[in-house]
Amino acid sequence: MSSSPAASEVSPIADAAPLSLCARTPHVPADRLVAEMVPPPRFDSVRFATYLPDPNQPSQTEAVRVLEGFAAGLGGAHAAGGGKRGFLGFGKARAAKAPAGPRGVYLDGGYGVGKTHLLASLWHATPAEPGLKAFGTFVELTNLVGALGFQQTVATLSGHRLLCIDEFELDDPGDTVLVSSLLARLVEAGVALAATSNTLPGKLGEGRFAAVDFLREIQGLSAHFRTLRIDGEDYRHRGLPEAPAPYSDEQVTKAAYATPGASLDDFPHLLDHLAKVHPSRYGALTDGLTAVCLTDVQPVPDQSTALRLVVLADRLYDREVPVLASGLPFDRLFSEEMLNGGYRKKYFRAISRLTALARDAKGLVSRA
């Protein structure tokens, strides 16, 4: 039986009670973290040809053109040498002349303009076997370093042709130094880099930290990338109806029982549980779910909790898991102070993605 209070208040109307995220504490081995560094399921089939540039935004068409050329240029031998290296990157590589100019591309733009679609398309278009390409969020990359250690991460990724980093966000000076050092080592090894963010490389960290050392690290990191600005409005809201209003507790609970593979949790309890699970495990937390049903959605109480919720929203969006909720609408999750602070772009991204998943969940109520 689910540990959700809402689940205990109704009689089961399906063969089994809903699952509960609060009952899950997954363990994720390091080798799974490496193996899962591929585009998420939502982006399995995306390609440059399936990206539909807004005719009013020429920067979108230009980004496709530049990225197609970048991918084509990654064919042939590894930039730092000839043959494929082992899993940990050991083995001597032939000397080769380092490529001129930046060894990466940086896609900058607001949330919902298709940056991840383009980044995943670049991964798919790069002429190398999947084991020589890596794709992950900034958080997943730092988690990989935490699991493997810095030197082993460098060795593991050094034989790759391409490393794609989605949602490049720097949350503290320690991560700044860590990732800056990692990418510098990978560039030296001939690995091409591609990243997305909502902020230009030279502006990362603004509004969060003012330390001179922090900004110096950012400037050095930005030199690795050619920046591509992608303008446009959030495609998840472009020409679509407004997000559905929240449902009642009874409707959400009934839908959870009627949907095989759905979870049902009380939102405040889920927020408490997220504090007990490392964010690197949030993907595993959602394994096998067909829908997430939440009762009593309330404003997020503090910034630490809010940032954990952002990671969960990203993992649910990656996996296309619909979210059905009662309580407040998702655009009221974060306080005005949060939405005007240094992490505002993360929060707006979470609202955008949760709203899209709420639209996807409308059919669960009609089928219940």
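## Cavities inside the model

A cavity is a set of grid points where a 1.4 Å probe fits but cannot get out, and a residue belongs to its lining if it has an atom within 4 Å of such a point. In this model, which is predicted, there are two cavities of 30 Å³ or more. The largest cavity holds about 50 Å³ of space, and its lining is made up of F267, L270, L294, L309, L312, L316, V323, F330 and L354.

Helix 10 (267-274) and helix 12 are the elements that give two or more residues to this lining, and helix 12 provides the largest share, with three residues. When the lining of the largest cavity is divided by class, there are nine nonpolar residues, no polar ones and no charged ones.

## The largest pocket

The largest pocket contains about 860 Å³ of space. It is lined by 42 residues, of which T137, V139, E140, N143 and R315 are the closest to its centre. By class, the lining of this pocket consists of 16 nonpolar, nine polar and 17 charged residues.

Several elements each supply at least two residues of the pocket lining, namely helix 2 (30-35), strand 2 (133-137), helix 5, helix 11 (282-285), helix 12 (303-318) and helix 14. Helix 12 gives the most to the lining of the largest pocket, with nine residues, and helix 12 also gives the largest share of the lining of the largest cavity.

## Helix 5 and its surroundings

Helix 5, one of the elements that line the largest pocket, has F138, L141, T142, N143, L144, V145 and L148 as its buried residues. N143 is also among the residues closest to the centre of the largest pocket. After helix 5 comes G149, which has a positive phi, near 90°.

## Aromatic pairs

A pair of aromatic rings is described by the distance of the centres and the angle of the planes. The count for this structure comes to four aromatic pairs. One of them is formed by F138 and F168, with 5.1 Å from centre to centre and 50° between the planes, and this pair is tilted. Because F138 lies in helix 5 (residues 138-148) and F168 in the loop between strand 3 (162-166) and helix 7 (173-188), the pair ties together parts that are 30 residues apart in sequence. Both F138 and F168 are buried.

A stacked pair is formed by F334 and Y347, whose centres are 4.6 Å apart and whose planes are at 20°. This pair links distant parts of the chain, since F334 is in the loop between strand 8 (323-327) and helix 13 (336-339), while Y347 is in helix 14 (residues 344-360), 13 residues apart. F334 and Y347 are both buried. Beyond these pairs, one aromatic cluster is formed by Y106, F138, F168 and F225.

## Charges over rings

Two contacts between a charged end and a ring can be described here. The charged end of R42 sits over the ring of Y317, at 3.8 Å from the ring centre, and the charged end of K133 sits over the ring of W123, at 4.2 Å from the ring centre.

## Cysteines

A disulfide is a covalent bond between the sulfur atoms of two cysteines. The structure holds zero disulfides. Buried means under 20% relative accessible area, and C164, with a value of 0%, is therefore buried. C293 likewise has a relative accessible area of 0%, so C293 is buried too.

How values were computed:
Residues numbered from 1 in each chain as written. Predicted model: local features only at pLDDT ≥ 70, side-chain atom pairs only at ≥ 80, totals over all residues. Heavy atoms only, no water. Phe/Tyr/Trp six-rings, centres within 6.5 Å; stacked < 30°, edge-to-face > 60°. Helix = DSSP H or I, 4+ residues; strand = E, 2+ residues; numbered from the N terminus. Buried < 20%, exposed > 50% of the residue type's maximum accessible area, 1.4 Å probe, protein only. Lys NZ or Arg CZ within 6 Å of the ring centre and 35° of its normal. Disulfide = S-S within 2.5 Å. 1 Å grid on protein atoms, 1.4 Å probe; cavity = no way out; pocket = protein on both sides within 12 Å on 5 of 7 lines; lining within 4 Å. Points joined across faces, edges and corners; volume = space filled by probe spheres on them. Nonpolar A, V, L, I, M, F, W, Y, C, P; charged D, E, K, R; others polar.
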